[in-house]
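Good morning, and thank you for the time. I have been asked to take the group through one protein model, beginning with the whole and ending with single residues.

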Amino acid sequence: MTDIWEPYAAKAVGAERTVVVGAYEFIVTGAEGGPEDLGTAVPDQDGIVELAFAAAGDGPIRVAWQFPCTDVTALWTPEATGRGWIPAAWTAPKRVSLTRGAPVASLVGVGDVSRCTFAVREAEVLAAAGVHEETGEFRFWVQAEGRLTLRVDFSARHFAHCLADVGRWWQDGREADYPDSARLPAYSTWYSMHQDVTPEKVERQAALGKPLGLEVIIVDDGWMTADRRRGYGHCGDWDPVSLPDTAAHVARVHELGVEYMLWYAIPFVGRESSMWEAFQPYALRVAEDLDTMVVDPRYPIVRAHLVERHARAVEAWGMDGLKIDFVDWFGASADAPQARPGADCATVSEGVERLLAEVFQRIRAAKPTALVEFRQPYVNPALWPYATMIRAVDCPLSPAENRQRTVDVRLAAGTMPVHSDMLLWHAAEPAEQVASHLINVLFSVPQVSVDLAGLGVGQREALAFWLGVFRRYRDVLQLGTLEPSRPDLGYPVVRAYDGTTEIVARYAALPVDGAGTWEELLVANADADPYVRVVGGSGAVRAVVRDCRGAEVWEGMVELGDVVPYVPRGGLLTVSRGGLTA
């Protein structure tokens, strides 16, 4: 009998057995019934298996499988640091929870082909993956409590296509409701102001950002306190100390044609809050270094307070939505104290989901198009119904990291709008690098957080030009077929296409494939090498090169096949068929 697999052997109730579905073999413990009993899908012609099991007793269900580890380059997961090297089978398993991660992984092979992509419908699982040293096999196992619904894709397609199918599988036919403004570039006050928030500063940035194409302003930490020393001791009451006459202030921003979102650290009730003493019995833990407690959403009294304070922003002040931060701090229910009388949820995760659902339903009742931002790492599909956008986790002034994180979240988030971490640059940054910051998040919704009043002419022109590209090609960039290449190298080339338009971003001195049925091909160059080699295809096409500020620097007819136009760093090459103009 196998140990499936030491040193993390299953502790499941029930017999261990092998389930064969088509050409694929799975070892199962702790389950009752089988694929036929539960009506689960057999593999279709593309090599996709779906399995569903219910627990036979009180223990967990575990499913394990293995296959030859050949032509493999990377194990992709949606974690912020999840992409890269191939782990060993003895690597500690990862716990995915409602508030951290998503139950999906893809073993990527040469040519960006998925060797195996798996996903689970249950929100909370324990999973492991790695190479078995003795045999060179790659082993996966996944474990859940009560029920396990598993999809395993052996179809050998581009890994991004397999992940896109996972998103549709998770969605399971449910209609997504994402307001148009969730896909529009936004301004954030965090890096530019930190806690030094005032109505005058907010209105100034909104007025400067609107002509550049920044349609939403997100006011971050600082609005609820006059204390500028950071920390979270003033969270909990959520009174607009730094935004007096809040409704009138919001109305002035709206008069500029800009939507307004407000930040909340939803789990925190700080030491300076009027609720500090009253909520002591409802603390999951106290974060002394942050001067705050993390409250326990299992209690209706806690949820009612938080829902009322969050909803006030939309109902009373006229905000257009909320940035809900630090959801991951609610943490794993395994670390929670035993619930006391008055709790109405068995687990913290259940309380978190109820809380987020109640907040979302309340603000949507007041404003049907209200926006809600979540942030990596809480990207679990079980939370999708309560958000309209997901942002990459903080990575200030790190364009490559922002690129990798936004692409990772795009791959895990289905059709939900994905936002970049706020773009930040030094006042002396050249325009070419400002453009490169924007190109690095080209396949997400950009957020900007610099003092717009302090922009140099070149910086302003680069920002306006690339925000214009985001807006003009939004549907292709955000909703087209996404194909990032080489996750093991941090996605040096990324493309999106819709059958008519193809957009490629180049982050290294690599050739661009120009073959295809496109009518318009755009190549954004974020690399210092200006010689952009376009290979493949045939026929005469019109080419236009623009620099990082959008100024046309070359135009002419070229023959496809092996073209090497000069595209300066931060610039854009547009190639058109059929008389199209750039």
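A word on the basis first. This is a predicted model, in which local features need pLDDT of at least 70 and side-chain atom pairs count only at pLDDT 80 or more, while totals for chains, interfaces and linings use all residues. Residues are numbered from 1 along each chain as its sequence is written, and side-chain values use heavy atoms, with hydrogens and water left out.

Let me begin with the whole protein. There are ten helices and 31 strands; helices (H or I, at least four residues) and strands (E, at least two) are DSSP runs, numbered from the N terminus. The radius of gyration is 25 Å, close to the 25 Å that the globule rule gives for 582 residues, so the protein is as compact as a globular protein of that length. That radius is taken over C-alpha atoms, and the globule rule is 2.2 Å times the number of residues to the power 0.38. Along the principal axes, the C-alpha atoms fill a box of roughly 70 × 65 × 35 Å.

How much of the protein is buried? Buried residues make up 59% of the 582, where buried means under 20% relative accessible area, exposed over 50%, and partly exposed in between (1.4 Å probe, protein chains only). The accessible surface comes to about 21,900 Å², and 51% of that surface belongs to carbon and sulfur atoms. These areas come from the Shrake-Rupley method with a 1.4 Å probe; for residues, only the protein chains shown count as cover.

Contact, in this talk, means heavy atoms within 4.5 Å. Of the contacts with a separation of 6 or more, 69% are accounted for by residues 24 or more positions apart.

Helix α5, residues 300-315, has 16 residues and reaches 21 Å from its first C-alpha to its last, close to the 22 Å expected at 1.5 Å a residue. The expected span is 1.5 Å times one less than the number of residues. The buried residues of α5 include Arg303, His305, Arg309, His310 and Arg312. Which elements cover them? The cover includes strands β15 (259-265), β18 (292-295) and β19 (321-325), together with helix α6 (348-366).

Helix α9, residues 457-472, also has its end C-alpha atoms 22 Å apart, which agrees with the 22 Å that its 16 residues should span. Among its buried residues are Phe465, Trp466, Leu467 and Phe470.

I turn to single residues within helices and strands. Gln205 lies in helix α3 (residues 199-212) and is buried, with a relative accessible area of 6%. Not counting residues up to four places away in sequence, Gln205 touches Tyr187, Met193, Ile217, Val450, Asp451, Leu452 and Ala453. Gln171, in helix α1 (residues 159-171), is buried at 15%. With the neighbours within four places left aside, Gln171 is in contact with Ala176 and Trp384.

Arg151 is in strand β12 (residues 147-153). Is Arg151 buried or exposed? Its relative accessible area is 8%, so Arg151 is buried. Beyond the neighbours within four places in sequence, the contacts of Arg151 include Glu50, Phe118, Asp165 and Trp169.

The loops deserve attention as well. Most residues other than glycine have a negative phi, and most peptide bonds are trans. Against that background, Asp112 has a phi near 65°, a positive value. Asp112 lies in the loop between β8 (104-109) and β9 (114-120) and is buried at 9%. Trp238 likewise has a positive phi, of about 55°; Trp238 is in the loop between β14 (216-219) and α4 (246-255), and its relative accessible area is 0%.

Where is the cis peptide bond I wish to show? The bond runs from Gln376 to Pro377, with omega near 20°. Pro377 lies in the loop between β20 (371-375) and β21 (389-391).

Asp328 counts as buried, at 12% relative accessibility. With the neighbours within four places in sequence left aside, Asp328 is in contact with Thr99, Arg100, Arg375, Pro377 and Tyr378.

Thank you; I am glad to take questions.
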